[in-house]
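Subject: Handing over the structure, with notes on what was found

Dear colleague,

Please read them with the model open beside you.

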Amino acid sequence: MVRAIGSAADDPHSQIYLTLISAITHAESHIHLTNAYFVPDPQLLQALKDAAQRGVDVKLILSGQTDFWAVFHAGRSHYSDLLRAGVKIYERRDAILHSKTALIDDVWSCVGSTNLDWRSFLHNDEVNAVVLGPEFAGQMRAMFAKDLANSDVVELDSWENRSLMLRLKEWFARIWEYWL
């Protein structure tokens with residue numbers, strides 16, 4: 001079963017956002033997200049942390065390098081909170097990540113143009129395909145595993161010992177995250 005979900009900047013509510021939040025909230029075993037631009041709003045952050053704290057395996061593959069420094073550092077400013085809650089974060093190495101996928105409980109999959117950022121959810125015209133079924137989910141799982149093998153894990157201890165310069169970039173970028 002496939003459903004195309006679109007959203008436009010003038011929509012009062014992003015259907016893609018609401019669908020993703022619902023899927024994360026109802027996840028039972030795992031949430032595997034791969035996304036190019038990660039600047040989550042408070043509700044998405046809370047949904048991810050809540051899922052991890054209730055025992056769901058939450059893994060994020062995010063960019064390890066970027067073509068837009070502000071988005072990169074604004075997203076990274078949320079890592080400590082997520083890691084403390086039990087969310088596992090990986091950064092893709094050797095490539096600028098452009099994927100925007102979600103796999104939840106090996107049955108709910110999503111592929112499309114939507115980043116996990118304020119701009120995609122509030123200001124852009126976006127379209128995603130949500131696919132229900134284990135066969136497509138198996139293909140998504142294989143792609144996620146391949147990306148995971150080409151990613152580096154972000155460990156809480158080493159993350160919290162990052163340089164002051166990185167922390168300042170994150171702080172500055174986070175001020176502007178709504179507009180990124």
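This is a predicted model: local features need pLDDT of at least 70, side-chain atom pairs count only at pLDDT 80 or more; totals for chains, interfaces and linings use all residues.

I begin with the packing: the largest nonpolar core has 35 residues, and the members that touch the most others are I24, I31, L48, V58, L60 and I89. At least two residues of this core come from each of α1, β2, α2, β4, α4, β6 and β7. As general background, nonpolar side chains in soluble globular proteins tend to be buried together.

What does I31 touch, once residues up to four places away in sequence are not counted? The contacts of I31 are I24, A51, V56, D57, V58, K59, L103 and I104, and of these I24 and V58 are also named among the core members that touch the most others.

The sheet comes next. Eight strands make up an open sheet with mixed pairing, and their order is β1-β9-β7-β6-β2-β4-β5-β10. At its edges stand β1 (2-7) and β10, each of which pairs on one side only. Direction ignored, neighbouring strands of the sheet are turned against each other by 15 degrees on average. Within the sheet, β6 and β7 are paired in the antiparallel sense over four bridges, and I104 has W108 in β7 as its bridge partner.

Helix α1 (residues 15-26) lies across β1, β2 (30-35), β6, β7 and β9 (126-132), and the angle at which α1 runs to β1 is about 125 degrees. Helix α2 (residues 42-53), for its part, lies across β2 and β4 (57-63), with an angle of about 140 degrees to β4.

Turning to charge, how many salt bridges does the structure hold? There are nine, and I describe some of them here. In general, side chains of opposite charge can pair when their charged atoms come close.

One of them joins R84 to D81, with the closest N and O atoms 3.5 Å apart. Both residues belong to helix α4 (residues 79-85), where they are three residues apart, or about one turn of the helix. R84 counts as exposed because its relative accessibility is 51%, and the cut-off for that class is over 50%. D81, with a relative accessible area of 38%, is partly exposed.

A further salt bridge is formed by D152 and R93, whose closest N and O atoms are 2.8 Å apart. This pair links distant parts of the chain, since D152 is in strand β10 (residues 151-154) while R93 is in the loop between β5 (88-92) and β6 (100-104), 59 residues apart. Both are partly exposed, D152 at 40% relative accessibility and R93 at 28%.

The side chains of D106 and R141 also meet in a salt bridge, at 2.6 Å from N to O. Here too distant parts of the chain are linked, with D106 in the loop between β6 and β7 (108-112) and R141 in helix α6 (residues 134-149), 35 residues apart. D106 counts as partly exposed at 27% relative accessibility, and R141 is partly exposed with a relative accessible area of 38%.

Finally, two single residues. Leaving aside neighbours within four places in sequence, F121 is in contact with S14, Y17, L20, L44, T114, N115 and L116. The C-alpha atoms of F121 and E155 are separated by 29 Å, although the two residues are 34 residues apart along the chain.

S151 is in strand β10 and counts as buried at 9% relative accessibility. The side chain of S151 reaches the backbone oxygen of D147 at 2.6 Å. With neighbours within four places in sequence left aside, the contacts of S151 are I61, Y90, E91, R92 and R93, and R93 is the residue that forms the salt bridge with D152.

With best regards

Conventions: Residues are numbered from 1 along each chain as its sequence is written. Side-chain values use heavy atoms; hydrogens and water are left out. A salt bridge is a side-chain nitrogen of Lys or Arg within 4 Å of a carboxyl oxygen of Asp or Glu. Buried means under 20% relative accessible area, exposed over 50%, partly exposed in between (1.4 Å probe, protein chains only). Two strands pair if DSSP finds at least two bridges between them. Axes are lines fitted to C-alpha atoms, for helices over the stretch in contact, and angles run from 0 to 180 degrees between N-to-C directions. Contact means heavy atoms within 4.5 Å. A nonpolar core is a set of buried Ala, Val, Leu, Ile, Met, Phe, Trp, Tyr and Cys residues joined through side-chain atoms within 4.5 Å. A polar contact is a pair of N or O atoms within 3.5 Å; within protein, one must be able to donate a hydrogen and the other to accept it, and residues adjacent in sequence count only if both atoms are side-chain atoms.
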